[in-house]
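The exercises below ask you to work through a protein model, each with a solution in steps.

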Amino acid sequence: MSKLPPLAILGAGSMGGAIAQGVAASGLAGQVVVTNRSRAKAELLTDPGIRSLALEDDATANVAAAASAEVVLIGVKPGMVPDLLAEIGPHLRPGTIVVSLAAGVTIATFERILGPDAVVVRSMPNTPAVVGKAVTGVAAGSLADERVMGIVRAVYETVGAVVEVAEEQIDALSTISGSGPAYVFLLIEKLTEAAVGKGFDAATARLMAEHTFIGAAALLDATGEDPAELRRRVTSPKGTTERAVAVLQDAHLERVFAEATDAALARAKELAAGG
């Protein structure tokens, strides 16, 4: 895509801000307008190509930003979404693409508040968006056709990879890519602790563990090989790594990860039901 339509991000916290910066840096958008409640937060987004507005200075900033855009990302907290949609709905241009970043808020909720002509897409990015390495799931609303989804994909591809799914898969996706960074950080924590237990000081242990993960991920990315194949190459027959991997396999990690992601999915359903 050569150019993106004018873009507004309402509630540009860390995630919305990262997307704004990614879009602005890509050169694909001629206009990116973002809003925040406070002047202090608005002043954190002063990159070239971004116009940052504060509700503290102008209570109508969300309406003005939404009315100026053809793609509007909703980045406020889930509980604030209905009131924001009711506020901006009458001021949206016909055909404006409204993209949700709000966890647990359904497409049906957006379409009900905005009306039958609303073009809605639900999305679920993850925190590596702040370094341009996100995985974002996107799900089409009733009127989001191939052209619309192409535009939304182009927005999110400025901060990483995009996976298009049916809305009923969004919660499951969140248990993998949404929560996934926490799983990786936990593994790094525990490998660091193991290094300390082997006599390394905390700083050295942390460097060893973190850069092993960083290097392994970079190798996977650079080669495009299957992770299992790369693992086999490190695991010499009858060697030390084979012995360690056997212990990990005996821990039934596949069952542990299945149970962990099942627990996350169950909680997502509870939250969606208001629990």
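**Exercise 1.** Which helices and strands each supply at least two residues of the lining of the second largest pocket?

**Solution.** The model is predicted, so that local features need pLDDT of at least 70 and side-chain atom pairs count only at pLDDT 80 or more, while totals for chains, interfaces and linings use all residues. Residues are numbered from 1 along each chain as its sequence is written, and side-chain values use heavy atoms, with hydrogens and water left out.

Helices (H or I, at least four residues) and strands (E, at least two) are DSSP runs, numbered from the N terminus. The elements that each supply at least two lining residues are helices H1 (14–26), H4 (81–88), H7 (170–178) and H12 (253–272), together with strands E2 (32–36) and E6 (119–124). Among the contributors, H12 gives the most, with five residues.

**Exercise 2.** Find which residues touch the most other members of the largest nonpolar core, and then list the contacts of Tyr156.

**Solution.** A nonpolar core is a set of buried Ala, Val, Leu, Ile, Met, Phe, Trp, Tyr and Cys residues joined through side-chain atoms within 4.5 Å, where buried means under 20% relative accessible area (1.4 Å probe, protein chains only). Of the 36 residues in the largest such core, Ile19, Leu73, Ile97, Val121 and Tyr156 touch the most other members. Helix H6 (146–157) is one of the elements that give two or more residues to this core, and H6 gives the most, with seven residues.

Leaving aside neighbours within four places in sequence, Tyr156 is in contact (heavy atoms within 4.5 Å) with Ile19, Leu73, Val99, Leu101, Ser123, Pro125, Thr136, Val138 and Val162.

Note on methods
Buried < 20%, exposed > 50% of the residue type's maximum accessible area, 1.4 Å probe, protein only.
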